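Dear colleague,

I am handing over the structure we spoke of, with the sequence alongside. Please read the notes below it when you have the model open.

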Amino acid sequence: MRLPRRAAWIAAAALLCLGSAHAQPMTAAQVIESSKPTDWRALDPQNILVMDLAAGQVVIELAPRFAPRHAANIRTLAHEGYWDGLAILRVQDNYVTQWGDPDGESADKARSLGSAQKQLPAEFSVRLQGLPLQRLPDADGWAPVTGFVDGMPVAADPKAGKAWLAHCYAMVGAGRDMAADSSNGTELYVVIGQPARGLDLNITLVGRVLQGMQWLAALPRGTAEMGFYAQPEQRTAIRHMRLMADMPEAERPQLEVMRTDTDTWRRLLDARRVRRETWFVHSPRHINLCNATVPTRPKPAPKT
């Protein structure tokens, strides 16, 4: 008897849970510890933003496959120092942290965009066909299909033939006004709370924070409407926000990201579904898109 597609995925996940007759099931930590160098990928300096705050550094990976026009504009803005000296303007509890130009809505005071474009088309989704989506077998209430591409959480609708980045924790988006095409990448936000999946297909997502979420998620909450800071002195200043390619080699973040097209990634997902640590008295046997976080680690020192 042929299994329905979703049932087949679940059956495949169950087989992974059982492991082979000769392999002892591992915890998530053990899967990561036993990973091979080929299970990890280096950062692309042309697609990495580095934000320097007084508290620490935030590393953001752009998603040009899903938002090519926004990614290109953001590279230009970073290359020309647009965000240097600007600020974090809004921290709304269990929602987002947002940064940009405090005077962005003032024609007289707004910072110049330099050679960056002032208007871009909305990039809410891409074609599903041909997308190297590593699907999750687990059910999702927000989309018929979910999975990962380039380390980014992706949702998809095969009937509509489209896929989109999902608003999971640490995902970065481009703020917009009422018009769908009113974002240009100058005002960015990061999800800091319960996944804001209701924003999916309504805002262009441009990437994901790889390191430094603690400096964005633990900031004081704004007290004005929507979490904006009521007073300018409450804002957190952005010292620099640079493209990694523009940084001296010695100052660049030395990180690697786990690939999501390997058996190691699939074993890691299985270990998160079925918790084998002795502390757990109940194993959920389920994960969702937003708690299947892709690991990042310091780049190992070269062997001598």
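The notes cover a sheet, aromatic pairs and salt bridges, in that order.

This is a predicted model, in which local features need pLDDT of at least 70 and side-chain atom pairs count only at pLDDT 80 or more, while totals for chains, interfaces and linings use all residues. Residues are numbered from 1 along each chain as its sequence is written, and side-chain values use heavy atoms, with hydrogens and water left out.

Sheet

Helices (H or I, at least four residues) and strands (E, at least two) are DSSP runs, numbered from the N terminus. Two strands are taken as paired if DSSP finds at least two bridges between them. On that basis, 5 strands make up an open sheet with antiparallel pairing, in the order β6-β10-β9-β8-β7. The edges are β6 (126–127) and β7 (134–135); each has a single partner strand, so one side of each is without a neighbour in the sheet. For β6, 2 bridges in the antiparallel sense join the strand to β10 (residues 162–165). Arg127 has Lys162 in β10 as its bridge partner.

Aromatic pairs

Rings of Phe, Tyr and Trp (its six-membered ring) count as a pair if their centres lie within 6.5 Å; planes under 30 degrees apart are stacked, over 60 edge-to-face, and the rest tilted. The whole structure holds 3 aromatic pairs by this search. One of them is Phe148 with Trp265, edge-to-face, at 5.1 Å centre to centre and 75° between the planes. This pair links distant parts of the chain, since Phe148 belongs to strand β8 (residues 145–149) and Trp265 to helix α5 (residues 263–273), 117 residues apart. For accessibility, buried means under 20% relative accessible area, exposed over 50%, and partly exposed in between (1.4 Å probe, protein chains only). Phe148 is buried at 2% relative accessibility, and Trp265 is buried at 1%.

Trp279 and Phe280 also pair: the ring centres are 5.1 Å apart with the planes at 85°, so this pair is edge-to-face. Here Trp279 is exposed, at 71% relative accessibility, and Phe280 is partly exposed, at 28%.

Salt bridges

A salt bridge is a side-chain nitrogen of Lys or Arg within 4 Å of a carboxyl oxygen of Asp or Glu. The count by this rule is 15 salt bridges. Among them is Asp150 with Arg65, at 2.7 Å from N to O. Asp150 sits in the loop between β8 and β9 (152–157) and Arg65 in the loop between β3 (57–62) and α3 (68–79), so the pair links distant parts of the chain, 85 residues apart. Both partners are partly exposed: Asp150 has a relative accessible area of 36%, and Arg65 is at 40%.

Arg197 and Asp200 form a salt bridge at 2.8 Å, N to O. Both are buried, with Arg197 at 5% relative accessibility and Asp200 at 9%.

In helix α5, which also holds Trp265, the side chains of Asp263 and Arg266 form a salt bridge of 2.7 Å, N to O. These two residues are 3 apart, about one turn of the helix. Asp263 is partly exposed at 49% relative accessibility, as is Arg266 at 32%.

Finally, a network of salt bridges links Asp52, Arg242 and Glu251.

Regards
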